[in-house]
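Here is a friendly briefing on charged pairs and nonpolar packing. Please have a look at the model first, and then read on.

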Amino acid sequence: YRRDLESDGLTRLALEAELRKAFISGEIHAWYQPIVDLKTGVIAGFEALARWVHPKRGVIPPDHFLTATRDLGMMTDLGAIIMNTTAPLMARWFRDHRLPQGFFVSVNLSAPEIERLHLIEDGARVIRDHNLPRKTLKLEVTESVFMSEGTGAVKTLERVLDLGVRLALDDFGTGYSSLGYLSRTRFSSIKIDRSFVTAASRGVPEALAIICAVVALAKSLGMATTAEGVETEDQARLLRLAGC
């Protein structure tokens with residue numbers, strides 16, 4: 001026994017209590033990170049990210065509450081909030097602005113959501129209710145989640161794809177990749193983890209080699225590539241030269 005174990009436990013209980021309240025009182029919001037076409041500089045879409053805006057503590061980073069959300073079994077609730085916030089906003093943008101062809105929004109998909117039997121019906125309802133163009137919605141599933149869910153995930157996601165929803169494989173190369181699954185599932189794009197982008201911009205040759213290999217693999221399979229964490233012009237130039 002240590003005193004810090006008690007304080008850590010109390011802190012965790014307080015966080016979970018506040019988090020439950022946050023879901024009910026509307027403190028969970030979707031923030032939108034732009035996805036830019038490196039060839040044209042035009043915003044091609046957005047990724048919807050969950051943010052907790054606490055009335056007293058301000059914005060709480062996702063790494064401070066996502067684990068607790070998962071442990072509380074509320075990941076499907078979080079996904080529903082993001083989806084139900086994003087869909088009407090996208091409908092309004094399409095109505096009020098001349099968005100480029102193929103404009104999309106990416107939403108992260110957790111393991112509990114993949115397991116839900118109603119995932120397909122929910123996706124169809126969102127697209128239908130807000131009259132969104134086909135392929136406006138892109139669901140992102142991390143490599144580790146996709147692999148851990150196995151063939152069940154493949155079957156569920158294949159049915160989702162039939163609705164006209166696009167699918168992206170997130171964090172490619174950071175987990176236990178299976179090229180077999182990659183070739184059997186209709187991913188429209190592969191996301192390159194920001195760790196490779198950061199390392200390549202610092203002159204690590206292995207990181208740049210991995211980026212070039214992923215881009216070449218994606219092209220050979222008819223997929224696009226998206227790089228995460230691009231924060232400088234040098235990083236953008238490097239990725240542009242790599243064909244990302």
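Which residue forms a salt bridge with R194? The partner is E231, and the closest N and O atoms of the two are 3.1 Å apart. A salt bridge here is a side-chain nitrogen of Lys or Arg within 4 Å of a carboxyl oxygen of Asp or Glu.

This is a predicted model, where local features need pLDDT of at least 70, side-chain atom pairs count only at pLDDT 80 or more, and totals for chains, interfaces and linings use all residues. Residues are numbered from 1 along each chain as its sequence is written, and side-chain values use heavy atoms, with hydrogens and water left out.

**The E231 and R194 pair**
- E231 sits in the loop between β8 (224-227) and α10 (233-242), while R194 belongs to helix α8 (residues 194-201), so the bridge ties together parts 37 residues apart in sequence. Helices (H or I, at least four residues) and strands (E, at least two) are DSSP runs, numbered from the N terminus.
- E231 is exposed at 64% relative accessible area, and R194 is partly exposed at 40%. Buried means under 20% relative accessible area, exposed over 50%, and partly exposed in between (1.4 Å probe, protein chains only).

**Other salt bridges**
- The structure holds eight salt bridges.
- In one of them, R57 meets E18 at 3.1 Å, N to O. This pair links distant parts of the chain, 39 residues apart: R57 is in the loop between β2 (43-54) and β3 (58-60), and E18 is in helix α1 (residues 3-25).
- R57 is exposed at 51% relative accessibility, whereas E18 is partly exposed at 28%.
- E140 and K191 also form a salt bridge, with their closest N and O atoms 3.0 Å apart. E140 lies in strand β5 (residues 137-142) and K191 in strand β7 (residues 189-192), so parts 51 residues apart in sequence are tied together.
- E140 is buried at 2% relative accessibility, and K191 is buried at 3%.
- A network of salt bridges links E47, E140, K191 and E228.

**Nonpolar packing**
- The largest nonpolar core has 63 residues, and L19, W52, L139, I192, I211 and L239 have the most contacts inside it. Helix α3 (residues 75-96) gives the largest share of this core, nine residues.
- Such a core is a set of buried Ala, Val, Leu, Ile, Met, Phe, Trp, Tyr and Cys residues joined through side-chain atoms within 4.5 Å.
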